[in-house]
Amino acid sequence: MTPPRNSTAARDVAYALHPYTDHKAHLEKGPVVISRGKGVRVWDDQGKEYIESVAGLWCAALGFDNERLVQAAANQMRRLPFYHGFTSKSHEPMVDLSEMLIERAPVPMSKVFFANSGSEANDSVIKMLWYMHNAIGKPQKKKIIGRLKGYHGITLAAASVTGLPNNHKLFDLPLPGFFHVSAPHHYHGAKSGESEEDFATRLAQELEDLILREGPETVAAFFAEPVMGAGGVIVPPATYYEKVQAVLKRHDVLFVADEVICGFWRTGNYWGSQTMGIEPDIITCAKALSSSYLPISAVMVNERVFQGIAEGSSSIGTWGHGFTYSGHPVPAAVAIETLKIYDETDIGAHVRRIGPHLQRSLRERFADHPLVGEVRGVGMVAAVELVADRKTRANFEPGRKIGPRLMKLGEDNGVILRGLPGDSIAFSPPLVITEDEVDEMLDRFGRALDELAVQLR
Ligand code: PLP
């Protein structure tokens with residue numbers, strides 16, 4: 001249906017260049033215009049209500065109407081709407097938030113650097129690693145290892161660590177010096193009869209082989225989301241991180257934990273690193289840091305990394321890195337309030353109550369569905385993977401666009417779904433979701449899935 005001239009939808013098609021969109025298809029079908037939100041729900045400009053099954057982009061952890069966050073922003077706007085951190089300038093929100101993050105870190109961390117997005121945080125880490133290794137007299141130690149299906153953002157270096165084809169194709173990425181090892185996905189990656197532990201051993205060996213082939217003196221860091229998000233919500237097999245960390249330690253390769261999705265209770269602990277037994281050297285976080293009410297991300301570095309950066313900056317006279325909006329006081333104030341709300345409302349206890357209900361219900365209701373190959377997840381993040389053949393575990397032909405079709409059926413049934421590569425549907429609702437709302441979300445998803453099954457018959 002053609003939207004009326006001058007409607008928001010028509011002007012969108014006329015003027016907006018959307019992130020992550022097939023632009024030609026968009027010219028044909030136009031946008032879904034979301035105009036307001038409350039709790040775990042949003043409404044479009046036609047008044048239709050949806051449950052947001054992924055909290056926007058895995059991020060609006062406190063739902064869509066938290067008044068305390070609105071007040072925190074307004075108060076800070078009135079007091080000091082902007083200041084920066086360049087050349088030793090500072091302000092209270094930046095200091096308070098840095099202190100709160102260091103206090104909450106899963107392992108001892110030394111300093112916090114702020115950026116505006118997860119991509120910028122990860123890009124900043126790569127620049128830190130290159131800079132510090134030059135500064136400490138190891139100029140060869142620059143290579144970065146990520147994982148296939150890993151997602152770390154879209155700026156040049158972050159996209160190079162990302163292991164998803166759509167972030168590389170036509171972009172001339174990855175840049176030289178970036179490598180990818182296999183995704184720790186037992187369902188697809190394991191050989192017939194291979195146990196989780198044996199699969200983990202094989203993947204750790206693959207990592208070690210790569211490091212040895214390139215030369216350990218040339219490899220700076222390994223990036224991992226504790227639980228992979230955008231690549232399909234992949235929970236690694238038992239013993240995986242234990243074995244991977246042993247390899248990294250042996251070759252003095254730093255561990256960067258990308259906590260952009262997992263941070264702030266998503267997996268049932270404050271950090272995904274705690275859920276997965278990771279002791280990172282560097283942590284990046286964003287999204288739930290401010291419940292995404294304003295853009296802010298953070299990089300936490302340990303003392304060793306900080307000393308390397310400090311060394312370089314004193315020899316040059318400055319660390320030539322930082323964004324105008326690094327530590328911007330308004331998003332920082334919102335993030336401080338967000339972290340206080342997590343503490344005061346004991347959101348962790350809530351996640352530990354609702355998360356198991358979500359995981360159990362997904363498995364009980366969908367694991368045996370004829371279109372479903374695997375249901376996986378931990379805490380409040382999960383995925384349902386659709387397969388063309390449950391025996392061979394083969395996915396559908398990409399041309400059949402199964403994910404997008406299910407997303408559309410979801411919208412018709414009042415649930416916004418997120419399709420991931422490989423026809424996996426993600427669930428990462430606002431952390432504040434109740435048990436009844438989980439049930440309602442899954443009722444709507446179930447109707448969409450059944451309608452898809454009828455279409456495919
Ligand atoms: N890292 C992870 C794990 C993410 O999930 C994302 C975004 O989804 C990013 C990094 C990039 O964050 P941003 O989109 O804010 O640049």
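Reader: Which strands does helix α15 lie across, and what angle does α15 make with β14?

Author: In this predicted model, helix α15 (residues 402–412) lies across β12, β14 and β15. Against β14, α15 runs at about 170°. Angles are taken between N-to-C directions on a scale from 0 to 180 degrees.

Reader: What makes β12 and β15 a pair?

Author: Two strands pair if there are at least two bridges between them. Strand β12 (residues 381–386) and strand β15 (residues 424–427) have 4 bridges, in the antiparallel sense. One of the bridge partners to look for is F427 in β15, which goes with A382.

Reader: Why are β11 and β14 called edge strands?

Author: The open sheet of 4 strands has the order β11-β12-β15-β14, with antiparallel pairing. Both β11 (372–378) and β14 (418–420) pair on one side only, and they are the edge strands. Neighbouring strands in this sheet are turned by 25° against each other on average, direction ignored.

Reader: What surrounds the ligand, and which helix gives the most to its shell?

Author: The ligand has 15 residues around it, and S117, G118, S119, G153 and V260 are the closest. Helix α6 (residues 118–135) gives the most, with 3 residues. By class, the shell holds 6 nonpolar, 7 polar and 2 charged residues; Gly counts as polar here.

Terms used. Residues are numbered from 1 along each chain as its sequence is written. This is a predicted model: local features need pLDDT of at least 70, side-chain atom pairs count only at pLDDT 80 or more; totals for chains, interfaces and linings use all residues. Helices (H or I, at least four residues) and strands (E, at least two) are DSSP runs, numbered from the N terminus. Two residues are in contact if their C-beta atoms, placed from the backbone, lie within 7 Å. A residue is near a molecule or strand if its C-beta atom, placed from the backbone, lies within 6 Å of it.
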